[in-house]
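Work through the exercises below with the structure in view. Each task is followed by a solution in steps.

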Amino acid sequence: MIHLILFVLSLAAFACLALAMERHQRDILGRALPAQSTQQLRALGWALLVFSTVFALRGLGVGSGLAALSAHTSVAAGVVVLAMVAHGRWNR
């Protein structure tokens, strides 16, 4: 269960960080968000990454926690990138 939670936290974090970029806002939403919303998305993304790190370390220990966190963040980042590429190709 801890691995599912780590993956979902990482996925949400990278989705927030991607949407905090003006280019991705225009690609996905069709417009740029206000500066305050962009800052909130960026802060939420980083907070989720920090929380997932603490969660992994407390739940799995230092060695296994960092290894699991690295794997989950890598896969989550890849999923977000693939989703943005797919979105761009489907909306041409």
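A crossing of two helices is right-handed if the near helix is turned clockwise from the far one by less than a right angle, and left-handed if anticlockwise. The model used here is predicted.

**Exercise 1.** Describe how α1 packs against α4.

Solution. Two packed helices are described by the angle between their axes and the distance between the axes.
- Step 1: the axes of α1 and α4 are 8 Å apart and meet at an angle of about 45°.
- Step 2: that angle makes α1 oblique to α4.
- Step 3: the crossing of α1 past α4 is right-handed.
- Step 4: residues making the contact include Leu 6, Phe 7 and Phe 14 on α1, and Leu 69, Val 75 and Met 84 on α4.

**Exercise 2.** Find which residues of α3 are buried and what covers them.

Solution. 
- Step 1: the buried residues of α3 are Thr 38, Leu 41, Gly 45, Leu 48, Leu 49, Ser 52 and Ala 56.
- Step 2: their cover includes α1, α2 and α4.
- Step 3: Leu 41, Leu 48 and Leu 49 also belong to the largest nonpolar core, which has 9 residues.
- Step 4: α1 gives the largest share of this core, 4 residues.
- Step 5: Ala 20, another core member, is in contact with Thr 38 and Leu 41, among others.

Terms used:
Residues are numbered from 1 along each chain as its sequence is written. This is a predicted model: local features need pLDDT of at least 70, side-chain atom pairs count only at pLDDT 80 or more; totals for chains, interfaces and linings use all residues. Side-chain values use heavy atoms; hydrogens and water are left out. A nonpolar core is a set of buried Ala, Val, Leu, Ile, Met, Phe, Trp, Tyr and Cys residues joined through side-chain atoms within 4.5 Å. Buried means under 20% relative accessible area, exposed over 50%, partly exposed in between (1.4 Å probe, protein chains only). Helices (H or I, at least four residues) and strands (E, at least two) are DSSP runs, numbered from the N terminus. Contact means heavy atoms within 4.5 Å. Axes are lines fitted to C-alpha atoms, for helices over the stretch in contact, and angles run from 0 to 180 degrees between N-to-C directions. Angles under 35 degrees count as roughly parallel, over 145 as roughly antiparallel, 65 to 115 as roughly perpendicular and the rest as oblique. Lists of a residue's contacts leave out its neighbours within four places in sequence.
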